[in-house]
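Hi,

Here is the structure I promised to pass on. Have a look at it first, and my notes on what turned up are below.

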Amino acid sequence: MINYSDSRLDAERKKEDKIRGFKEIKKLSPNLDLENYLIMDESEKLDLLLEMFKQFKSDYIDNYNKMEEKKSERVQISIPRGYDLKDLIKSVDGEIILQKALEIYYSNKVAHYAEYWQKDFLRQFLKKYQNPENLFDIIINDSRLFGIINNSLFRIFDEYNQDNTREIKYHKDILKRYGIGERELRILGKSIPSLVNIYRDAMCIKDAELHEIVSLLEEDKLSSYGMITHTEVESGKEKERNLFVLDVPFFGQMSVHIKSPELISQLGKHKYPYPVYQRESILLTDRLTPEQERIVKRNDIEEIRKYFEEGEEEFAHLLAIKGGYTADEIKYVHGGDNKGER
Amino acid sequence: MELKNLESLYKNKKLKEKLEQIQILIDDNKNKEAYFKLAAILEYINVKLLTKKLGEKLLNYNIEEIIKKYYNKDEFLFKKMQSVNGMYNFVSGKEINVQDVVSLGITIDYIYEYMIEKYGEFI
């Protein structure tokens, strides 16, 4: 039986959390500006990104645990309520590749949450305010049109685009056709500009760090990484997307979209050789279950390879990463010949 | 969309030739190809400006490198290219439509107009 009173309280609590989170996000967002970001040290960068992530996704622990429950049992790693994501900063202190990997992962998350919230605010606005020709209903129900409107708002509210008056006029003319004039823009302007600027800054950070980490990995030669082309379904359509995948030592397999043709070309010869076991993820952490910890501490590559041979491929791959195995060692776990120097 | 309206770009003979090829793509509704060819023009004018007028050597010709090069050199271009990077990411993975092409075209024209006014001809 549904307890309407509880679920209503829950929804109200979530709404209050979101309002509170948004105030904090707006306070933090100027620091995400690339000029500020570039002068921070790696710990400060991570601190900022993790704080913004937590404010966007205050229920990240519950969400993460629910997602883990969908995985096979031995691979699941739950997180306790009191977990502090910022402990990661100490874990990776002095390890530049690990720091960059976390910066890429969490800046990507921050950008995407900014984008979801922008769409959410737009949807709420269209539902709340009526327009005589019912154009707002048409926009909500037409995903392509919704995308066009959303994109026009993105360009109008980008702080770095304000002097591009010709382009802004172009987008305002588009919006006017659908009943969004100056009055409506003033209302939308209370929430959307911060999100647009965060998206822009977080994506710049992600893209810059991606280029850096690829250079570091090419020099380091120890980690397994590369590109894969992955088919995704969005709005009922199949699309091919390029993913950068990295086995982040002690953490897990990380994958993010890449758009840069140059990076795609650079990585094109360097294909990631394993399946992407979990495309969707909420967190990248260095936690293990007691069982995983026992196996990893035994440091027995043959034992881990046996799990792979017995069909527990994802489990074996996860153990190898959590154990900090090199690319050659992970290859051996997957049935390769050379077990490296472990 | 008429690329002739991108007046600053159209005044340059070399860029005009490139735009004429892109116009054919737009007329054929090949929006994605037109978008990427416009992006290539933006990369081209940035690389030319950085190497010819700002004395920079570029190891890579990607937008991330271009943004870094403008840091402490030209604040307008530093911010404009970040805005363009945001635009690229926002459309990445989505269907590119004619509004995206127009948006990018106008932005590139605006950037090029600024470059010419501040630095003089460089292409």
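**Helix 4 of chain A**

The buried residues of helix 4 of chain A pack against helix 3 (42-56) of chain A. Bear in mind throughout that this is a predicted model. The buried residues in question are Tyr60(A), Ile61(A), Tyr64(A), Asn65(A) and Glu68(A). They span an arc of only 130° around the axis, so they sit on the same side of helix 4 of chain A. On the face turned away from that buried side you'll find the exposed residues Lys66(A) and Glu69(A).

Why does Glu68(A) count as buried? Its relative accessible area is 5%, and the label buried applies because that value is under 20%. If you skip the neighbours within four places in sequence, Glu68(A) is in contact with Val75(A), Gln76(A) and Ile77(A).

**Salt bridges within the chains**

Over all chains, the rule gives a count of 41 salt bridges. I picked out a few of those inside a single chain.

In chain A, the side chains of Lys100(A) and Glu103(A) meet in a salt bridge, at 3.7 Å from N to O. Both residues lie in helix 6 of chain A (residues 96-128), three residues apart, or about one turn of the helix.

In chain B, Lys118(B) forms a salt bridge with Asp74(B), where the closest N and O atoms are 3.5 Å apart. Lys118(B) is partly exposed, with a relative accessible area of 47%, whereas Asp74(B) is buried, at 2%.

Another one in chain B joins Lys79(B) to Glu75(B), with the closest N and O atoms 3.0 Å apart. Lys79(B) and Glu75(B) are separated by about one helical turn, because they are four residues apart in helix 5 of chain B. Lys79(B) is partly exposed, with a relative accessible area of 24%.

**Where the two chains meet**

On to the interface. Here 34 residues of chain B are in contact with 37 residues of chain A. The two chains bury about 3300 Å² between them, and 53% of that is on carbon and sulfur atoms.

How many salt bridges are there between chain B and chain A? The count is four. In one of them, the side chains of Glu115(A) and Lys94(B) meet at 3.0 Å, N to O.

Which helices of chain B each supply at least two residues of the side that touches chain A? They are helix 4 (63-70), helix 5 (75-91) and helix 6 (98-119) of chain B. Helix 5 of chain B gives the most to that side, with twelve residues. By class, the side of chain B that touches chain A has 13 nonpolar, 14 polar and seven charged residues.

Two residues have a positive phi of about 60° without being glycine: Lys221(A) and Asn29(B). Lys221(A) is in the loop between helix 11 (192-220) and strand 1 (225-234) of chain A, and is exposed, with a relative accessible area of 65%. Asn29(B) lies in the loop between helix 2 (13-27) and helix 3 (31-53) of chain B, and at 64% relative accessibility counts as exposed.

Last, Asp120(A) is in helix 6 of chain A and is partly exposed, at 26% relative accessibility. Asp120(A) and Ile192(A) are 72 residues apart in sequence, with 9.9 Å between their C-alpha atoms.

Cheers

How values were computed: Residues are numbered from 1 along each chain as its sequence is written. Chains are lettered from A and ligands numbered from 1 in the order in which they are written. This is a predicted model: local features need pLDDT of at least 70, side-chain atom pairs count only at pLDDT 80 or more; totals for chains, interfaces and linings use all residues. Side-chain values use heavy atoms; hydrogens and water are left out. Contact means heavy atoms within 4.5 Å. Buried area is the accessible area (1.4 Å probe) that two parts lose on being put together, summed over both. Ala, Val, Leu, Ile, Met, Phe, Trp, Tyr, Cys and Pro count as nonpolar, Asp, Glu, Lys and Arg as charged, and the others, Gly among them, as polar. Buried means under 20% relative accessible area, exposed over 50%, partly exposed in between (1.4 Å probe, protein chains only). The arc is that of the directions from the helix axis to the C-beta atoms.
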